[in-house]
Every structure is written in structure tokens, then in C-alpha cells.
Amino acid sequence: MNEDSKEGEMAKELRCGEIIDGCEKVIRGETEEEVMTRGAQHAREAHGVEEMDERTAEKVRSAIREA
Ligand SMILES: [Zn+2]
């Protein structure tokens, strides 16, 4: 299944539920960095995580998939 790729299409995604049980949020971005930034923002707003430690960031990074 191949959709036309358009500029600005989201290429990476992260399922928050892989990190935090029960969360159904899917975070998308064009790059891994963008997903990380949005993920950190979501974690702060939805889960009260003020700052991700390195271990968590690593876990998040490895949970990012090609969308
Ligand atoms: Zn979440």
C-alpha cells in the first residue's frame, strides 16, 4: 500500500501506550526529533512529566516507528 508522498507528510509515529500503559495517544512527526519534541510536550500536558530523564528518552526513541 503506497500513498502519494506529499511534502510535509508525517513519516514517524510514536504510540504513547508503549511507554505509558493505557494511553492511546499517537504522536506523529516528520522526523524523530519532531516526534521527540511533541512527545515531551504530550508527556508534560497529559502525564505531568516535567522532564524526561535519559533512560525514558531512550525508551521513547526506540518506540518511534516509521508511520
Ligand atoms: Zn500519553
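Biologist: What do the buried residues of H1 pack against?

Modeller: Two residues are in contact if their C-beta atoms, placed from the backbone, lie within 7 Å. Here, the buried residues of H1 pack against strand E1 (12-15), strand E2 (26-29) and helix H2 (54-63). Mind you, this is a predicted model: local features need pLDDT of at least 70, side-chain atom pairs count only at pLDDT 80 or more, and totals for chains, interfaces and linings use all residues. Residues are numbered from 1 along each chain as its sequence is written.

Biologist: Which residues of H1 are buried?

Modeller: A residue is buried with 20 or more other C-beta atoms within 10 Å of its own, exposed with 12 or fewer, and partly exposed in between, with C-beta atoms placed from the backbone. In H1, Val35, Gly39 and Ala43 are buried. They sit on the same side of H1, because their arc around the axis is only 75 degrees, taken from the directions from the helix axis to the C-beta atoms. Glu33, Gln41 and Glu45 are exposed on the other side.

Biologist: And where does Met36 lie?

Modeller: Met36 belongs to helix H1 (residues 32-47). It's partly exposed, because 19 other C-beta atoms lie within 10 Å. Setting aside neighbours within four places in sequence, Met36 is in contact with Val60 and Arg61.

Biologist: What is the mean pLDDT of the protein chain?

Modeller: pLDDT is the predictor's confidence in each residue, from 0 to 100. The chain's mean is 90, and 88% of its residues reach 70 or more.

How values were computed. Helix = DSSP H or I, 4+ residues; strand = E, 2+ residues; numbered from the N terminus.
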